[in-house]
Amino acid sequence: MSAGRPARGGGAPGSLERRLGPVALVLYGLGTTVGAGIYALTGEVARVAGAWAFASFALAALLAGASAASFAALSARFPRAAAEAVFVREAFARPRLATAVGLAMVGTASLSAATVGNAFVGYLGEIVAVPRAPALVALVAALAGLAAWGVRESVAAASIVTVVEVAGLALVVAAAAPEAIARAGAPGAFDLAALPAGAGGVFAGAFLAFYAFLGFEDMVNVAEEVRDAPRVVPRAIAATLAATLAIYAAVALCAVLVVPPAELAASEAPLALVLEQSGGDPRWLGAIGVVAMLNGALIQIIMASRVLFGLARDGEIPAVFGRVARRTRTPVVATGAVAVAVATLALAFPLARLAEATSLVTLAVFAVVDAAAIRLRAGREPGDPLRIPRALPWIGLVSSAGFLVARLVLAV
């Protein structure tokens with residue numbers, strides 16, 4: 001490997017290769033956004049929002065979409081790896097803050113992948129006896145190897161799993177739709193007064209559902225590997241959020257009409273329960289959920305390695321992390337470093353609390369990026385590739401900060 005020799009596909013020596021188009025990028029985004037969380041969150045949102053769970057998901061999408069607009073406008077202006085760090089550095093001229101934000105993104109991605117690795121090995125242990133530590137190391141090594149193979153190859157693998165995952169959710173909707181349609185017209189089916197908190201239950205559900213939309217932020221960090229990134233990345237972010245909302249709303253609506261919300265909330269596998277009561281076989285749904293978790297871990301490793309690459313390229317961390325393999329055009333040293341971090345976290349720490357910290361740090365980064373968009377007037381300057389309403393970054397900042405404070409209060 002070398003950072004100083006030309007590589008296939010053209011481009012400057014040591015640079016990444018632009019091999020991703022809009023379809024691949026949207027599938028990449030869906031792979032991390034439509035994760036295994038929907039399998040558990042459906043019951044939790046239904047518990048507080050009842051038949052209006054679909055409205056909770058819609059409200060959560062609007063709130064997440066405000067921050068997504070900030071990410072989209074800034075990525076159109078600065079389509080680079082380690083995007084969040086670039087945004088902060090350009091907005092506030094604080095290199096140390098920018099580095100801290102970039103490393104925070106690497107940390108959250110590593111924690112997320114480690115959490116998934118532990119969950120997968122635990123699930124595997126229920127099927128076949130495997131020693132935990134070697135299984136974890138082998139799993140992380142395999143995912144890192146796939147990430148280092150090439151961005152087109154690794155994203156293609158993730159895309160195939162994403163299609164399978166979305167198809168599984170579509171089958172749940174298809175199986176439940178006839179009964180859901182029949183029950184939708186029943187008197188009181190959508191009676192807000194029947195909810196314990198009334199309309200407030202919809203807002204409480206949105207608080208829970210908000211976390212189901214996290215993941216679109218990963219897309220900005222592969223911008224240097226996207227063709228026509230200033231135009232494609234913002235459109236792909238919008239398409240990813242729209243598709244995610246359509247999937248979540250359809251699943252939630254069918255679920256609460258087929259199975260009483262209280263039963264959904266009490267079930268450890270709410271969508272499997274929906275499928276079973278709709279006459280389908282729920283056994284394969286668990287397998288899809290587990291594979292979806294691995295998909296999310298792969299995408300987190302890809303994203304984190306690009307952040308390290310960008311930080312190294314910009315001189316904020318040692319240059320070795322910016323080395324690009326001559327043949328694959330991937331940041332192999334950065335990928336290896338992320339794999340070591342993921343394996344270490346998975347083996348050394350109980351990750352329940354660390355997983356909570358992941359969402360807190362992500363919300364903090366959202367707030368900082370929204371503030372950067374406000375400071376830079378992103379999306380409102382004449383030369384910006386993407387124009388967005390002035391209010392969206394402010395809505396994103398208030399929403400992210402509000403969710404962060406609420407999460408901290410709940411944690412305490």
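Where does Asp228 lie? Asp228 is found in the loop between α8 (200–209) and α9 (229–258), where helices are DSSP runs of H or I with at least four residues, numbered from the N terminus. The model is predicted, so that local features need pLDDT of at least 70 and side-chain atom pairs count only at pLDDT 80 or more, while totals for chains, interfaces and linings use all residues. Residues are numbered from 1 along each chain as its sequence is written, and side-chain values use heavy atoms, with hydrogens and water left out.

Asp228 is not a glycine, yet its phi is positive, about 55°. With a relative accessible area of 41%, Asp228 is partly exposed; buried means under 20%, exposed over 50%, and partly exposed in between (1.4 Å probe, protein chains only). Ala93, a residue other than glycine, also has a positive phi, near 50°. Ala93 is placed in the loop between α4 (83–92) and α5 (95–127), and it counts as exposed because its relative accessibility is 60%.

The next topic is a pair of helices. Two packed helices are described by the angle and the distance between their axes. The axes of α1 (residues 22–33) and α7 (residues 151–184) come within 9 Å and cross at roughly 60°; axes are lines fitted to C-alpha atoms, for helices over the stretch in contact, and angles run from 0 to 180 degrees between N-to-C directions. The crossing of α1 and α7 is left-handed, meaning that the near helix is turned anticlockwise from the far one by less than a right angle.

In α1, Ala24, Leu27, Tyr28, Leu30 and Gly31 meet Val155, Ser159, Thr162 and Val163 of α7, contact being heavy atoms within 4.5 Å. These residues comprise six nonpolar, three polar and no charged. Here Ala, Val, Leu, Ile, Met, Phe, Trp, Tyr, Cys and Pro count as nonpolar, Asp, Glu, Lys and Arg as charged, and the others, Gly among them, as polar.

Key
Helices (H or I, at least four residues) and strands (E, at least two) are DSSP runs, numbered from the N terminus.
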